[in-house]
Amino acid sequence: MISTKELSRRGFLNMGAAAGAGLVLSQTGLIRPAHAAAPLAPVKAEEALIAFGHTGPTSDEGWTWAHDQGMKAVEAAFPGIKTTYVESIPYSADATRIFRQFVSQGANMVFATSNYGDFLYDVAKRAPKVGFYECDGRNPLDNLGTYYVQHWYPTYVAGIAAGAMSPTGKLGYVASFPVPSVYSGTNAFLMGARTVNPNATLQCISINSWFDPQAATQAGTALLDNGCDVLFGIMDEAGYLQVAQDRGKKAVMWNTDLRRYGPDAYISSIVVNFNDFYVKQVGRRLEGSWTPTYELLPMGGGVDRDAWGATVPAEVAAKADAVRTKMMTEGYSPFVGEIKDAKGNIKVAKGQTMTEQELYHWNWSIEGVSGLDG
Amino acid sequence: MSTWRLQRLPAASPLVSLSARLISVVLALVTAGIILAATGKNPLDLGAQVISSTFGSSFGMADLALLFTPLLYTGLAVAVGLRIGVWNIGAEGQFNLGAFAAAGVALFLPGPPALILPLMAVMGMAAGALWILIPTLARAYADVSELITTLLMNFVAALLVTYVATGPWLDPSGMALATTARLPVEVPAVWDIVHWGLPVGLILAVLLAVAFGFTRWGYEVRIGGSNPGNARYAGMPVRRHLITVMLVSGAIAGLGGMMEVAGTVHRLQGGISNNFGYIGIMVAVLARAAPLGVIFTALLMAVILNGGIILQPQGLTTQTVLAVTGLILFYAAIGDEFARYRLIRNAKPAGTR
């Protein structure tokens with residue numbers, strides 16, 4: 001059996017070793033090979049309890065809403081199954097308490113729809129008969145899997161449209177924390193924009209939250225005041241879209257179709273759909289074949305760009321969609337060296353394609369992105 | 001002919017105050033129950049579930065103890081300040097700083113745990129004391145209200161912790177987001193996942209009770225708190241006591257932060273203080289700033305907060321639970337005032353007015 005710990009460590013070393021090192025990890029969407037652990041015993045649907053722990057409120061119309069739709073899909077697919085969820089779980093020891101509570105309630109499967117790290121890991125370790133999944137997770141166990149989306153591809157596509165629609169080439173980004181899901185978003189967005197607008201730059205503001213509409217609105221205003229004319233971000237709600245609408249600027253969103261909050265400003269959104277993933281994994285758990293998986297849902301299978309906004313010119317949409325089609329049919333990746341970081345160091349050598357593992361763990365800004373590194 | 005009237009007492013009798021406290025807690029729970037019933041939930045069922053989940057398993061008891069521990073420290077920190085009439089609203093920030101300093105020692109100083117852990121505790125306390133130093137000096141020498149200064153320092157502390165955990169001290173393995181690496185040393189466990197932070201906190205409560213009850217220092221602090229003018233007139237060094245007490249208050253909160261990061265969370269990250277500093281204010285007020293009382297009120301708050309977590313899968317939000325803790329404080333404040341009155345009967349001699 002291959003030790004996943006070793007593999008992930010190697011993945012990290014490769015990433016840190018800048019250019020040159022032989023990158024051997026697969027690009028199939030699996031970020032780690034599946035475990036050889038024995039599957040968990042089957043459960044009858046009527047006796048099963050599936051628990052969801054969310055970072056925000058299910059009414060956010062964004063990230064948490066999308067995961068809540070997944071829970072509803074599970075309920076529809078397995079009549080009689082019981083579900084439970086907790087919203088707005090803080091990233092503190094309270095999260096441990098809530099996940100432990102799920103276990104003591106008899107949950108057969110627990111989905112954490114955000115990265116709770118050790119707070120989930122410690123609980124999973126002590127509950128080997130419960131299947132756990134951590135969205136955007138990093139540390140696997142025999143009963144703890146990971147799932148996330150390859151959002152960098154649709155983000156690159158949206159970046160092309162954003163670059164084409166930005167007269168100044170100054171793009172803004174409302175960030176949560178300087179974490180890989182943000183870096184892969186900012187970098188992919190700017191790389192896409194630069195294909196049509198070579199001097200484009202991206203300014204970021206971190207608001208230390210995934211859901212704080214007021215702070216997101218303020219950050220959006222500050223970015224526009226700073227001269228940006230297209231906003232992007234990774235917020236669970238529509239705050240900065242409304243700012244862009246009011247100021248006559250443009251915005252790209254995340255999670256869901258939010259065009260009603262800013263029909264003129266709306267370019268597109270990185271839309272997610274976890275329904276099939278949840279139904280599949282709950283099905284495996286019920287029939288007794290579940291072992292943890294470590295997967296990145298691909299573009300077209302869990303994440304995509306939304307239908308283009310009303311003000312996106314047809315030729316811009318066509319240009320961006322051509323790249324999208326190339327990615328989906330030919331496996332085209334734009335994440336090819338030479339890529340420099342914000343300090344000018346060459347991080348990906350000329351001609352080298354970044355692996356999915358590297359994209360998932362991306363933790364440095366490319367040249368042209370400001371405001372995330374220290 | 002007789003009339004009833006309310007008479008205000010200079011101080012409430014201990015028995016009456018204690019009953020007022022108990023009644024206020026019960027009333028708060030009853031009020032919360034009525035509100036829950038109005039939203040279509042059965043409060044008795046929910047209550048039974050809280051009790052069986054909390055006390056019915058070693059799982060629940062361990063969770064409770066882990067929640068109790070930080071509240072013990074922040075409660076004691078605020079209580080100590082109240083003894084000399086200081087409102088330390090900054091326990092939240094001092095707790096964060098204690099965690100910050102302790103994590104710094106653990107992450108960057110190699111050495112045997114037997115050496116590193118005590119050093120972490122000392123640095124945690126020093127950092128907590130340092131964080132209240134400016135409010136202390138401002139209060140002692142310029143009479144600036146510590147209510148505002150200690151509060152404002154909280155925001156700085158929270159941002160500092162978030163900054164280092166997502167920036168310079170970010171876990172270099174890339175396997176954890178927005179936190180430092182797991183600390184290489186941890187506070188040893190006494191039972192299940194409950195660590196030495198709990199017994200140390202209990203011992204601290206007893207030591208403080210002895211210090212306030214049986215030493216000259218404790219006596220002078222109490223007099224300095226209840227009547228600074230008289231204390232000064234009697235030649236007591238009120239300012240010096242004020243400074244000492246505030247620094248001790250900060251140090252206790254800092255020690256709580258060290259225990260939380262090294263015993264419970266094991267990584268420094270934003271949100272580690274988890275409002276413990278603010279809830280500590282309630283703990284201290286409910287305990288009337290008595291260190292031994294803090295043990296019971298911190299436990300009560302832990303039961304309520306833990307109950308809130310148990311009830312969240314039932315569709316109750318965190319806000320509801322925080323509202324219940326607020327209700328308790330609200331009733332306690334009313335109860336305190338009532339406890340200072342007694343109903344007396346004026347028997348008036350006939351023929352007089």
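Helices (H or I, at least four residues) and strands (E, at least two) are DSSP runs, numbered from the N terminus.

## Basis of the model

This is a predicted model, in which local features need pLDDT of at least 70 and side-chain atom pairs count only at pLDDT 80 or more, while totals for chains, interfaces and linings use all residues. Residues are numbered from 1 along each chain as its sequence is written, chains are lettered from A and ligands numbered from 1 in the order in which they are written, and side-chain values use heavy atoms, with hydrogens and water left out.

## Helix α2 of chain B

B:Leu44 is a residue of helix α2 of chain B. With a relative accessible area of 69%, B:Leu44 is exposed; the terms used here are buried for under 20% relative accessible area, exposed for over 50% and partly exposed in between (1.4 Å probe, protein chains only). B:Leu44 and B:Ser19 are 25 residues apart in sequence, and their C-alpha atoms are 23 Å apart in space.

B:Thr54 also belongs to helix α2 (residues 43-55) of chain B. The relative accessible area of B:Thr54 is 0%, and this residue is therefore buried. Apart from residues up to four places away in sequence, B:Thr54 touches B:Gly60, B:Met61, B:Leu64, B:Asn306 and B:Ile310; contact means heavy atoms within 4.5 Å.

## Packing of α3 and α7 in chain B

Two packed helices are described by the angle between their axes and the distance between the axes. Helix α3 (residues 58-83) and helix α7 (residues 197-214), both of chain B, have axes that come within 9 Å and cross at roughly 20°. The two helices are therefore roughly parallel. Angles under 35 degrees count as roughly parallel, over 145 as roughly antiparallel, 65 to 115 as roughly perpendicular and the rest as oblique. Axes are lines fitted to C-alpha atoms, for helices over the stretch in contact, and angles run from 0 to 180 degrees between N-to-C directions.

The crossing of α3(B) and α7(B) is left-handed; a crossing is left-handed if the near helix is turned anticlockwise from the far one by less than a right angle, and right-handed if clockwise. The residues that α3(B) brings to the contact include B:Phe68, B:Leu72, B:Leu76 and B:Arg83, and those from α7(B) include B:Gly197, B:Leu204, B:Leu208 and B:Phe212. By class, this contact of α3(B) with α7(B) has 13 nonpolar, 3 polar and 1 charged residues. Ala, Val, Leu, Ile, Met, Phe, Trp, Tyr, Cys and Pro count as nonpolar, Asp, Glu, Lys and Arg as charged, and the others, Gly among them, as polar.

## Packing of α4 and α5 in chain B

Helix α4 (residues 91-108) and helix α5 (residues 113-142) of chain B pack at an angle of about 145°, and their axes are 7 Å apart. The crossing of α4(B) and α5(B) is right-handed. From α4(B), residues including B:Gly93, B:Leu97, B:Ala101 and B:Val105 meet residues of α5(B), among them B:Ile116, B:Met120, B:Gly124 and B:Trp131. The contact of α4(B) with α5(B) divides into 12 nonpolar, 5 polar and no charged residues.

Over all chains, a search of the whole structure finds 0 disulfides, a disulfide being a pair of cysteine sulfur atoms within 2.5 Å. A:Cys204 is in no disulfide, and the nearest cysteine sulfur, that of A:Cys228, is 9.3 Å away. This separation is too far for a bond. A:Cys204 counts as buried because its relative accessibility is 9%, and A:Cys228 is buried with a relative accessible area of 1%.

Helix α4 (residues 118-125) of chain A is mostly covered, with 6 of its 8 residues buried. Those buried in α4(A) are A:Asp118, A:Phe119, A:Leu120, A:Tyr121, A:Val123 and A:Ala124.

In chain A, a cis peptide bond with omega of about 15° joins A:Gly337 and A:Glu338. A:Glu338 is placed in the loop between α10 (314-330) and β13 (339-340) of chain A.

The loop between α10 (238-265) and α11 (276-286) of chain B contains B:His266, which has a positive phi of about 70° although it is not a glycine. B:His266 counts as buried at 7% relative accessibility. B:Asn274 lies in the loop between α10 and α11 of chain B; B:Asn274 is not a glycine either, yet has a positive phi of about 50°. At 14% relative accessibility, B:Asn274 counts as buried. In strand β4 (residues 341-347) of chain B lies B:Arg345, which counts as exposed at 55% relative accessibility. B:Arg345 and B:Thr3 are 342 residues apart in sequence but 5.7 Å apart in space, C-alpha to C-alpha.
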